[in-house]
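Hello,

Here is the structure we talked about, with the sequence alongside. My notes on what turned up are below it.

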Amino acid sequence: MQSVPPARLSRELREETSGDLTRRRWTIGLSFAGSAIGMLVGAYQTGILKRLPDILPGPLFDAEKVDASDYAYKRMQTPDGPLMAVTYGITAALAAAGGKDRARQNPVLPIAASAKAGYDLLTALKLGREEWQDNKALCSWCQLATVLSAVTFALTLPEAVRAARQLA
């Protein structure tokens, strides 16, 4: 695993262009959006916000019902919104780690980022199923996060595949 000097890492991440860096920037941005959704839901779940209107209309969606239900508070004695913010933050950090040639120089980084993005997607799908089973309703914010997770995972795959070939 090669270390990139901080000054070079700063320049590469901010100024260089490549397909991998573009996908990584999108991955970081989408992960930040997932964190923001978690913070918004968490603000409702902890009483900072008194209302959490759905962003999608229709009878399937009821964010307030879902995010105030037992389902949303049954893990680790905390509401799930703040946990969501943290987990997407970790995904962003993994996507940001390493220089522009990390698939070659540090192949474990893109593999870890893709594995984490895949974990996020599987977790979001599992939680969506639980949301529906427990509440007969969905949180539209959470379903948006699921879509973001799917796109994020897809964005991480090309670099992760090249990194896996590098390790092989």
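A residue is called buried when its relative accessible area is under 20%, and exposed when that area is over 50%. Ser-35, at 6%, is therefore buried. Please keep in mind that this is a predicted model.

Ser-35 sits in helix H2. Leaving out residues up to four places away in sequence, Ser-35 touches Ala-85, Tyr-88 and Gly-89.

Asp-80 is the other buried residue I looked at: its relative accessible area is 16%, and the limit for buried is under 20%, so Asp-80 falls in that class. Asp-80 belongs to helix H4, which covers residues 80-96. Apart from neighbours within four places in sequence, the contacts of Asp-80 are Val-41, Gln-45, Tyr-71 and Ala-72. The C-alpha atom of Asp-80 is also 7.8 Å from that of Gly-38, although 42 residues along the chain lie between the two positions.

Next, the packing of two helices. H1 (residues 6-15) packs against H2 (residues 19-45) at an angle of about 85°, and the axes are 9 Å apart. That angle makes H1 roughly perpendicular to H2. On the H1 side the contact is made by Glu-12, Leu-13, Arg-14 and Glu-15, and on the H2 side by Leu-21, Arg-24 and Arg-25. Sorted by class, this contact has five charged residues, two nonpolar and no polar ones.

Helix H7 runs over residues 140-167, which is 28 residues. At 1.5 Å a residue H7 should span 40 Å, and its end C-alpha atoms are 40 Å apart, so the two values agree. H7 does have a kink of about 35° at Leu-157, shortly before the proline Pro-158.

Two loop residues have backbone angles to check when you look at the model. Most residues other than glycine have a negative phi. Met-76, however, has a positive phi, near 60°. Met-76 lies in the loop between helix H3 (63-67) and H4, and is exposed, with a relative accessible area of 68%. Lys-136 also has a positive phi, near 50°. Its place is the loop between helix H6 (108-135) and H7. With a relative accessible area of 53%, Lys-136 is over the 50% limit and so counts as exposed.

Regards

Notes: Residues are numbered from 1 along each chain as its sequence is written. This is a predicted model: local features need pLDDT of at least 70, side-chain atom pairs count only at pLDDT 80 or more; totals for chains, interfaces and linings use all residues. Side-chain values use heavy atoms; hydrogens and water are left out. Axes are lines fitted to C-alpha atoms, for helices over the stretch in contact, and angles run from 0 to 180 degrees between N-to-C directions. Helices (H or I, at least four residues) and strands (E, at least two) are DSSP runs, numbered from the N terminus. Angles under 35 degrees count as roughly parallel, over 145 as roughly antiparallel, 65 to 115 as roughly perpendicular and the rest as oblique. Contact means heavy atoms within 4.5 Å. Ala, Val, Leu, Ile, Met, Phe, Trp, Tyr, Cys and Pro count as nonpolar, Asp, Glu, Lys and Arg as charged, and the others, Gly among them, as polar. Buried means under 20% relative accessible area, exposed over 50%, partly exposed in between (1.4 Å probe, protein chains only). The expected span of a helix is 1.5 Å times one less than its number of residues. The bend at a residue is the angle between axes fitted to the seven residues ending there and the seven starting there.
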